[in-house]
Amino acid sequence: MAGVAPVEVTQGLRAVVSLACLLSIIGSLLIISTYLMFKQLRTTSRLILVHLSIMDAGVATANLVGAVVDFNQYYRTEQYFPDGYPVTKNVSSTIQEACVAPAAFSVYFTSCSFMLTLGISFYLYMRIVHHKRLRIKRVLYIITFFCYLYPILPTLWKLLTNRLGYSPYASEGWCGD
C-alpha cells in the first residue's frame with residue numbers, strides 16, 4: 001500500500017493558532033489571578049468562571065504544544081503500516097512518547113470543560129425552569145468535584161490502551177486520540 005502523507009500545516013496557520021492559544025492562556029490567568037487577588041470579586045459566578053478558565057488554560061496549553069512543535073516532520077510516509085490505532089510504526093518511539101502527555105492533557109481538559117459546562121447548564125435549568133431552591137454552594141461543589149474527577153476515567157482508558165500519541169489523521173493533526 002502506498003504511503004499516506006500527513007496533513008500539511010503552514011507556518012502562518014501555526015502562528016495564528018499559537019497566538020490564539022497564548023491569548024487564551026493570558027486571559028485565563030488574568031481571570032484566575034484577579035479572583036485570587038481581589039476579595040470583593042470572589043462571588044459564586046466568578047468562581048464558576050475561574051473553573052472554566054482553568055480548563056481553558058489547560059486546553060490552550062496542550063494545543064500550543066501542538067502548534068509550536070512540528071510533529072509532522074518526524075512522520076515516515078514510506079513505512080505506512082495500517083495495522084493499528086494509532087499508526088505508531090510510522091514515527092519513532094521518542095516522538096510517540098513525547099506526544100502522549102500533551103494528548104492526555106488535551107483529552108482531560110477538554111472533557112473537564114465539557115462536563116463543567118454541562119453541570120452548570122443543569123444547575124441553571126433546575127434553578128430557572130423548575131424554580132428549585134437548590135443550595136448553590138453545595139450543588140456547585142458537587143458539580144465541580146464530579147467534573148474534575150470523571151474525565152480521569154476516559155483519559156486513563158485511552159492511556160492504558162495506547163490510544164493517545166502521534167496521529168497525522170487526528171482532527172488536531174498532531175498528538176491526539
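## Basis

This is a predicted model, in which local features need pLDDT of at least 70 and side-chain atom pairs count only at pLDDT 80 or more, while totals for chains, interfaces and linings use all residues. Residues are numbered from 1 along each chain as its sequence is written, and side-chain values use heavy atoms, with hydrogens and water left out.

## Overall fold

The chain holds 5 helices and 2 strands, arranged along the sequence as α-α-α-α-α-β-β; helices (H or I, at least four residues) and strands (E, at least two) are DSSP runs numbered from the N terminus. Of its 177 residues, 37% count as buried, meaning under 20% relative accessible area with a 1.4 Å probe and protein chains only.

## Nonpolar cores

The largest nonpolar core comprises Met115, Leu116, Ile120, Tyr123, Val139, Leu140, Ile143 and Cys147, with α3 and α4 each giving two or more residues. Such a core is a set of buried Ala, Val, Leu, Ile, Met, Phe, Trp, Tyr and Cys residues joined through side-chain atoms within 4.5 Å. Apart from it lies another core of 5 residues, including Met55, Val59, Tyr108 and Cys112.

Leaving aside neighbours within four places in sequence, Ile120 is in contact (heavy atoms within 4.5 Å) with Ile48, Leu52 and Ile143.

How values were computed
Buried < 20%, exposed > 50% of the residue type's maximum accessible area, 1.4 Å probe, protein only.
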